[in-house]
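This report covers one protein chain, from single residues up to the whole fold. Please keep the model open while reading.

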Amino acid sequence: MQRSEMKTEREKILEVKDLHTYFCDERAFPVKAVEGLTFHLLKGEVLGIVGESGCGKSLTALSVLQILPPGAKIVKGEILFKGKDLIGLSQKQLNTIRGTKISMIFQEPSSYLNPVLSVGYQVAEALSAHTGQSIRDAMKKARQMFKEVGIPDPEQRVHNYPHEMSGGQKQRVMTAMALINEPDIIIADEPTTSLDVTVQAQIINLFKKLLKDHSSSIVFISHDLPLVSEIADRIIVMYAGMNFEEAPVDVLIKDPKHPYTKKLLESIPKESSSWQKMKTIPGAVPDPARKPGGCPFHPRCDYAEKDCNQRIPFMTQVDDTHFTACYHYEKIKNSNKQNI
Ligand code: SF4
């Protein structure tokens with residue numbers, strides 16, 4: 001059975017099909033940063049996207065909103081939002097979707113907040129720009145949103161400038177900005193990376209609360225598998241711009257069917273771990289300009305066979321909800337234990 005034929009009760013609010021996003025330079029071969037990525041997001045679902053730095057997670061998020069960095073281009077694929085392909089829409093059409101239907105929370109809030117405007121104004125402006133409401137009226141909703149995302153004393157804090165807020169508070173401001181237009185989808189790209197562990201936990205709790213209070217669907221992107229597993233319903237594991245494994249979070253953790261996922265799980269520090277005991281994944285994510293032939297994981301893979309450097313593995317269905325891109329996944333026996 002093909003993945004596209006799977007019966008799901010909930011609506012697929014976002015479908016990314018065979019996405020190829022390359023960095024193109026006329027003088028050189030294109031750099032295939034995202035290569036043939038396919039996934040979907042159900043209404044009301046939290047989909048985690050996990051992988052090491054440089055695996056194409058953020059570029060995938062930017063591709064969905066088509067706010068790509070210089071040189072990057074979607075060369076193939078479909079991005080269906082409620083069944084309508086976003087690729088090929090004009091900037092004007094895309095602007096009616098960005099921020100209102102699909103919002104993004106970025107990794108480093110300081111880079112996206114204007115230092116010379118109050119945070120309340122910036123949140124209100126996100127609403128005013130899309131609805132035509134006056135800033136004065138939009139400010140009332142901004143205050144409500146500040147309260148909702150747990151910023152104390154919202155009446156006063158809306159007047160603060162970004163430098164007057166902590167990292168965690170700035171991320172709450174970004175969350176308020178992403179939510180103020182009540183979007184259908186929120187894409188959160190490493191939203192807790194720059195925060196300390198305690199504030200990370202607070203932001204995750206905030207997301208959980210917002211999930212209860214709103215009907216948004218969330219794509220939660222992070223290199224941190226334990227963190228993602230706290231909030232996601234389903235996870236896809238990316239490597240070298242490709243989807244390596246996809247499964248509901250419990251299944252992926254208890255019974256991974258891709259050697260890379262297994263390695264990621266084994267590298268999670270256990271409570272008793274010392275630095276000496278911690279396992280790491282030997283080698284590094286390949287440079288997208290120099291990916292090894294065949295399976296891009298083969299130089300780091302304990303299960304590699306002769307054929308692994310010959311052909312790129314495509315997604316194979318393991319059971320109803322579990323997919324892996326590995327020729328030899330059956331070799332991964334039940335050595336898997338509860339890792340998280
Ligand atoms: Fe390892 Fe081969 Fe599977 Fe790639 S296809 S993950 S190299 S066993």
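Valine 116 sits in the loop between helix H3 (109-112) and helix H4 (119-131). Helices here are DSSP runs of H or I with at least four residues, strands are runs of E with at least two, and both are numbered from the N terminus. The model is predicted: local features need pLDDT of at least 70, side-chain atom pairs count only at pLDDT 80 or more, and totals for chains, interfaces and linings use all residues. Residues are numbered from 1 along each chain as its sequence is written, and side-chain values use heavy atoms, with hydrogens and water left out.

Val116, Leu117 and Tyr121 form a nonpolar patch on the surface, and together they have about 250 Å² of accessible area. Such a patch takes residues with over 30% relative accessible area and no salt bridge, and joins nonpolar side chains (Val, Leu, Ile, Met, Phe, Trp, Tyr) within 5 Å, or like charges within 9 Å. A salt bridge is a side-chain nitrogen of Lys or Arg within 4 Å of a carboxyl oxygen of Asp or Glu. Accessible areas come from the Shrake-Rupley method with a 1.4 Å probe, and for residues only the protein chains shown count as cover.

Buried means under 20%, exposed over 50%, and partly exposed in between (1.4 Å probe, protein chains only).

| Residue | Relative accessible area | Class |
|---|---|---|
| Valine 116 | 62% | exposed |
| Tyrosine 112 | 46% | partly exposed |
| Threonine 321 | 33% | partly exposed |
| Phenylalanine 106 | 14% | buried |

Phenylalanine 106 and tyrosine 112 form a stacked aromatic pair, 4.0 Å centre to centre with 10° between the planes. Rings of Phe, Tyr and Trp (its six-membered ring) pair if their centres lie within 6.5 Å; planes under 30 degrees apart are stacked, over 60 edge-to-face, and the rest tilted. The structure holds eight aromatic pairs. Tyr239, Phe244, Tyr260 and Phe297 form one aromatic cluster.

Threonine 321 lies in the loop between strand S11 (316-319) and strand S12 (322-324). The C-alpha atoms of threonine 321 and glutamate 246 are separated by 7.7 Å, although the two residues are 75 residues apart along the chain.

The chain as a whole has eleven helices and twelve strands. Of its 340 residues, 51% are buried. Among contacts (heavy atoms within 4.5 Å) between residues at least 6 apart in sequence, 66% join residues at least 24 apart. The chain exposes about 16,500 Å², and carbon and sulfur atoms supply 51% of that area.
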